[in-house]
Amino acid sequence: MSPALPEGDAAPDDGGLPVSVVAGAEHRAFGVYLHVPFCTVRCGYCDFNTYTASELGGGASQSSYADTALREIALGRDVLAASGLPARAASTVFVGGGTPTVLPAGDLVRMLDGVREAWGLADDAEVTTEANPDSVTPESLAALAAGGFTRVSFGMQSAVPHVLATLERTHDPRRIPDVVRWARDAGLAVSLDLIYGTPGESLDDWRASLEAALATGVDHVSAYALVVEQGTKMAVQVRRGELELPDGDDQAAKYELADELLTAAGLGWYEVSNWARTPETACRHNLAYWRGDDWWGVGPGAHSHVGGVRWWNVKHPRAYAGRLEQGLSPAAGREVVDAEAATLERLMLHVRLAEGMPLDEVPVDARTSVAGLVADGLVDGRALLTDQRVLLTLRGRLLADLVVRTLAGFDD
């Protein structure tokens, strides 16, 4: 069960945007997110807006999905042109899901071609697709690279069979070195995604997963703490006592181990859950989210943000396809982000980056709390003194949500 859509204002059927979106657009990068809502098997912990073929039935087939997404891309081109925004080529494109690579590589390339035709691609555009290790071949990866993809992010999650079984992941962990090699041979940059804190995962299990990821020589690793969302199969298993979640100390120890091993291998953290070998190998698309740039989200349930206006599409693939077939925008609702909300979002996102957050972006009435965060070892005192930036320490990264609440005044 994926999360409910946010509440907001009604979105116009033509997708038109208010005139306010034009202001400052030339200073913001523009990216495109393409959501592919299909998976072969639905993992028990997942609450993303994804579906297996048996869940969908007629009207939303995988075979027709690329054509449906191309309709929204064409709509997006027309909406942005009509709004008076200056033309901006996409600097990043990210295909996520679901498992995008359950679609033929040719369909993913056609979707990318649609983005190129609608908005153009920057000369140095970063074009990423997510993939499961068992959903690619050397040939499919070569086809993606030939079609303009530059990067692939594999959902490795763990190298330990019993952990993968608990997560209901279907791939063989011994396949990871192969898929990394195939991607590199095709000319693609590679990232590996890991999850820690799975019920039954020991610290040694987690170490084995980190070491297996590093043994491939990848230049980017994401490591996320498992969060069990309500409505998922795993949440039911936990409630029934079939699975036992680790405590906070266990997750903290695993995060510290990840930072230790990844740093020792030459990967530096640039966001709380992400490490890259160089600034050039960081995920530019995700950085654009964290920095508040503009993006158009294509697909059922996809969210978009342009010039302080945020909107989200209807969730179900059948409803999404139906609206586009009628020539209507698939947007279900939208909101204009006011100054107070924008400030809070900057706090929530920017403070998580290794570049830190300028002190003058912290609300004036919250700046007195920064000294306490330094005293508690959560904020780097030297960076604050010399660069006037709020930069998280390692302890601060572990308690990033507490830092945000404090700066936002929620803990008053």
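Me: How many cavities of 30 Å³ or more are there?
Reply: Keep in mind that this is a predicted model. A cavity here is a spot where a 1.4 Å probe fits but cannot get out. With the cut-off set at 30 Å³ or more, the count is one cavity.

Me: Which elements give two or more residues to the lining of the largest cavity, and how much space lies in it?
Reply: The lining of the largest cavity has 14 residues, and nearest its centre are Gly15, Leu17, Trp311, Ser329 and Ala331. Two or more lining residues come from each of α2 (62–82), β11 (309–313) and β12 (331–336). As for the space inside, it's about 80 Å³.

Me: What classes do the residues of that lining divide into?
Reply: We're still on the 14 residues that line the largest cavity. Sorted by class, they come out as eight nonpolar, four polar and two charged.

Me: Over to the second largest pocket: which element gives the most to its lining?
Reply: This pocket holds about 250 Å³ of space. Its lining takes in 16 residues, with Leu347, Pro363, Leu407, Ala408 and Gly409 nearest the centre. Both α12 (339–350) and α16 (400–407) supply at least two of the lining residues. The top contributor, with five residues, is α12.

Me: Now the whole protein. What is its radius of gyration, and what does the globule rule give?
Reply: The secondary structure comes to 16 helices and 14 strands. For 412 residues the globule rule gives 22 Å, and the protein is close to that, so it's as compact as a globular protein of that length; its radius of gyration is 21 Å. Along the principal axes, the C-alpha atoms fill a box of roughly 60 × 50 × 45 Å.

Me: What share of the contacts with a separation of 6 or more joins residues 24 or more positions apart?
Reply: Take the contacts in the protein with a separation of 6 or more, and pick out those between residues 24 or more positions apart. Their share is 73%.

Me: And what percentage of the residues is buried?
Reply: Buried means under 20% relative accessible area. The protein exposes about 17700 Å², with carbon and sulfur atoms supplying 53% of that area. Of the 412 residues, the buried part is 52%.

Definitions and conventions. Residues are numbered from 1 along each chain as its sequence is written. This is a predicted model: local features need pLDDT of at least 70, side-chain atom pairs count only at pLDDT 80 or more; totals for chains, interfaces and linings use all residues. Side-chain values use heavy atoms; hydrogens and water are left out. On a 1 Å grid over the protein atoms alone, a cavity is a set of points where a 1.4 Å probe fits but cannot get out, and a pocket is an open set with protein on both sides within 12 Å along at least five of seven lines; lining residues have an atom within 4 Å of a point. Grid points are joined across faces, edges and corners, and a volume is the space filled by probe spheres set on the points. Helices (H or I, at least four residues) and strands (E, at least two) are DSSP runs, numbered from the N terminus. Ala, Val, Leu, Ile, Met, Phe, Trp, Tyr, Cys and Pro count as nonpolar, Asp, Glu, Lys and Arg as charged, and the others, Gly among them, as polar. The radius of gyration is taken over C-alpha atoms; the globule rule is 2.2 Å times the number of residues to the power 0.38. Buried means under 20% relative accessible area, exposed over 50%, partly exposed in between (1.4 Å probe, protein chains only). Contact means heavy atoms within 4.5 Å. Accessible areas come from the Shrake-Rupley method with a 1.4 Å probe; for residues, only the protein chains shown count as cover.
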